[in-house]
Amino acid sequence: MVFLTLDDLDNFFRRYAKQQGFGIVKAGGAYKQEKGKTLNERRNCTWKCESGGKPDARIRASSRLLNGVSGKGVKMANRKTKKVGCPVMLHAKVTKDGKWQIRNVVLQHQNHEPVPSISKYISMFHREDLNAVRRRLFQHHDEGVSVPQIHSALAAERNGVENFPVSERQLRNVVDKEKRLKMMEGDANAMAAYFHRMSTDNQNFFHLHRLDDDERLKDVMWVDARSRAAYIEFGDVVCFDSTYLTNRYLLPFANFVGVNHHGQSVLLGCALISHEDAETFEWVFTNWISCMGGKAPSGILTDQDAAMKKAIAKVMPNTRHRWCLWHILNKLPLKLGGYDKYEEIKQALLRAIYDSYTVEEFENSWNEAIDAYNLGENAWDEEYTKG
C-alpha cells in the first residue's frame with residue numbers, strides 16, 4: 001500500500017489499531033541526509049504494538065527508582081506491564097517520488113488478545129477523544145450549560161452514551177482544572193516587565209492586557225514593531241488560529257499570521273486568552289485592528305468556531321471570512337472514514353481542491369466526486385463548499 005504523506009499512513013494505522021483494540025507507538029525511524037547533514041525529514045518509520053518488547057527491568061520500591069537490580073538472590077518486585085513481546089509492527093519507507101510505501105507488516109498478535117470494545121480505555125485513544133471535545137466543552141460551559149447537559153449532548157452525537165468514550169466525570173475534571181487564567185503573580189510580573197523593556201527599546205511595540213473581576217490577569221495580547229510593519233505590506237489576508245494550548249497553563253495561545261512575497265509565514269500578532277467566547281474574540285480583534293492603524297484585512301481564515309464567526313462579523317463586517325482548509329481536511333476521516341472506498345474518496349476530493357484553477361472547475365470536480373461515490377446523502381460538505 002502507498003500513502004501520500006507520513007501523516008496519512010500514521011492516521012491509517014491508528015484507525016486500524018483503534019478498530020482492533022490495541023495501542024501503537026512509533027518505535028523508530030531514520031532521517032534523510034544530504035552532504036553529511038541530517039535533514040528534518042524522515043526516510044523510513046516503524047510502528048509497533050504498545051505490548052511489544054520486553055518488560056522494563058527497573059522497579060519502583062519505597063518511592064525510589066532502582067536501576068539494574070537483577071543480581072542473584074535479589075527478589076524483584078512485582079509490577080504490571082504492557083510489554084509482553086508482541087511482534088505486531090508496520091515498517092514503511094519513502095519512495096523516489098516522495099510517497100510512503102508499506103514494506104513490512106506483522107498483524108498477528110502474541111501473548112495478549114486485542115479487544116475492540118476496550119479501545120476507548122487505551123490511553124492514546126482516550127487522550128484523542130478527550131482533546132477532541134475539549135474546546136466544545138469550554139464553549140458550552142462558558143455559555144452557562146451544565147456539564148451533565150454537555151455530556152448528554154455530546155453523547156447524543158455519538159448515538160448514545162455507550163458509544164461516547166468520555167465520561168461525565170472526566171468532563172467535570174477538565175472544567176474544574178482550567179479555563180480561568182492560572183498565572184502565578186511572579187509570572188504575570190515577569191511578563192509585564194518583559195513588555196515594559198520591549199516598549200522602552202522600541203515605541204512601536206504594542207501590548208495590552210485586561211483583568212477579571214478579582215483583579216487577576218485575564219487576557220493579554222502583543223504585537224512587535226516588525227509585525228506592525230509587515231502588516232502594511234502583507235496584511236490583505238491573514239490566518240487567525242487559537243488551537244494552541246500552552247503546556248503549563250492550558251491557555252489558548254492565539255496568533256495572527258500572514259504570508260510575505262516569498263511565500264513565507266509572517267507573524268502579525270499574538271494573544272493569550274482566558275476564554276474562547278465571542279466577547280473575548282471581539283476584544284482581541286478590536287484591539288489588534290486598532291494596533292494596525294484601524295485597517296482590517298480583506299480576508300481572514302479561521303477554524304470552525306461559532307463564537308469567532310460572530311466576533312468577526314461584528315468587528316470586521318467588510319472582511320471576507322473563510323474556514324481554514326487544514327481544519328476541514330482534518331475532518332475527512334471522521335466524516336467519511338466509515339466508507340469502504342475512503343482512500344479513493346479522499347484522493348478524489350483532494351484533486352478537486354488542489355488541481356482546480358477556477359471556482360467552476362472546483363465545483364464540477366467536487367460534485368463529480370460526490371456523485372461518483374454516492375455521497376449525496378452525507379450533507380457535511382455543503383457548509384464548506386457554499387459561497
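Buried means under 20% relative accessible area, exposed means over 50%, and partly exposed is in between, with a 1.4 Å probe and protein chains only. Keep those cut-offs in mind for glutamate 361. At 32% relative accessibility, glutamate 361 counts as partly exposed.

Now the ground rules. This is a predicted model, where local features need pLDDT of at least 70 and side-chain atom pairs count only at pLDDT 80 or more, while totals for chains, interfaces and linings use all residues. Residues are numbered from 1 along each chain as its sequence is written, and side-chain values use heavy atoms, with hydrogens and water left out.

Overall picture. The protein has 387 residues, and 37% of them count as buried. Its secondary structure comes to 13 helices and 14 strands. Helices (H or I, at least four residues) and strands (E, at least two) are DSSP runs, numbered from the N terminus. The accessible surface is about 23900 Å². Carbon and sulfur atoms hold 49% of that surface. Those areas come from the Shrake-Rupley method with a 1.4 Å probe, and for residues only the protein chains shown count as cover.

Next, contacts, meaning heavy atoms within 4.5 Å. Take the contacts between residues at least 6 apart in sequence: 56% of them join residues at least 24 apart.

Let's go to helix 6, residues 225-234. Serine 227 sits in this helix. Is serine 227 buried or exposed? Serine 227 is buried, because its relative accessibility is 5%. Which residues does serine 227 touch, leaving out those up to four places away in sequence? The answer is Leu267, Leu268, Gly269 and Met292.

Isoleucine 232 is in helix 6 too. Isoleucine 232 is exposed, since its relative accessible area is 60%. Now look across to methionine 292. Isoleucine 232 and methionine 292 are 60 residues apart in sequence. In space, their C-alpha atoms are 8.1 Å apart.

On to charges. Side chains of opposite charge can pair when their charged atoms come close. A salt bridge here is a side-chain nitrogen of Lys or Arg within 4 Å of a carboxyl oxygen of Asp or Glu. How many salt bridges does a search of the whole structure find? It finds 7. I'll show some of them.

One is between glutamate 343 and arginine 15, at 3.6 Å, N to O. This pair links distant parts of the chain, 328 residues apart. Glutamate 343 is in helix 11, residues 342-354, and arginine 15 is in helix 1, residues 6-20. Glutamate 343 is partly exposed, because its relative accessible area is 26%. Arginine 15 is partly exposed as well, at 22%.

Another joins arginine 210 and aspartate 219. Their closest N and O atoms are 2.8 Å apart. Arginine 210 counts as buried at 15% relative accessibility. Aspartate 219 counts as buried at 0%.

Then glutamate 282 and lysine 314, which meet at 3.4 Å, N to O. Glutamate 282 lies in helix 7, residues 278-291, and lysine 314 in helix 8, residues 306-315, so the pair ties together parts that are 32 residues apart in sequence. What about exposure? Glutamate 282 is buried, at 18% relative accessibility. Lysine 314 is exposed, at 59%. There is also a network: salt bridges that share partners join Arg210, Asp219 and Glu279.

Back to glutamate 361. Where is it found? Glutamate 361 is in helix 12, residues 359-372.

Last stop, the backbone. Asparagine 111 has phi near 70°, a positive value in a residue other than glycine. Asparagine 111 is in the loop between strand 7 (100-106) and helix 2 (123-142). Asparagine 111 is exposed, because its relative accessibility is 60%.

Asparagine 374 has phi near 55°, again positive in a residue other than glycine. Asparagine 374 is in the loop between helix 12 and helix 13 (382-385). At 65% relative accessibility, asparagine 374 counts as exposed.
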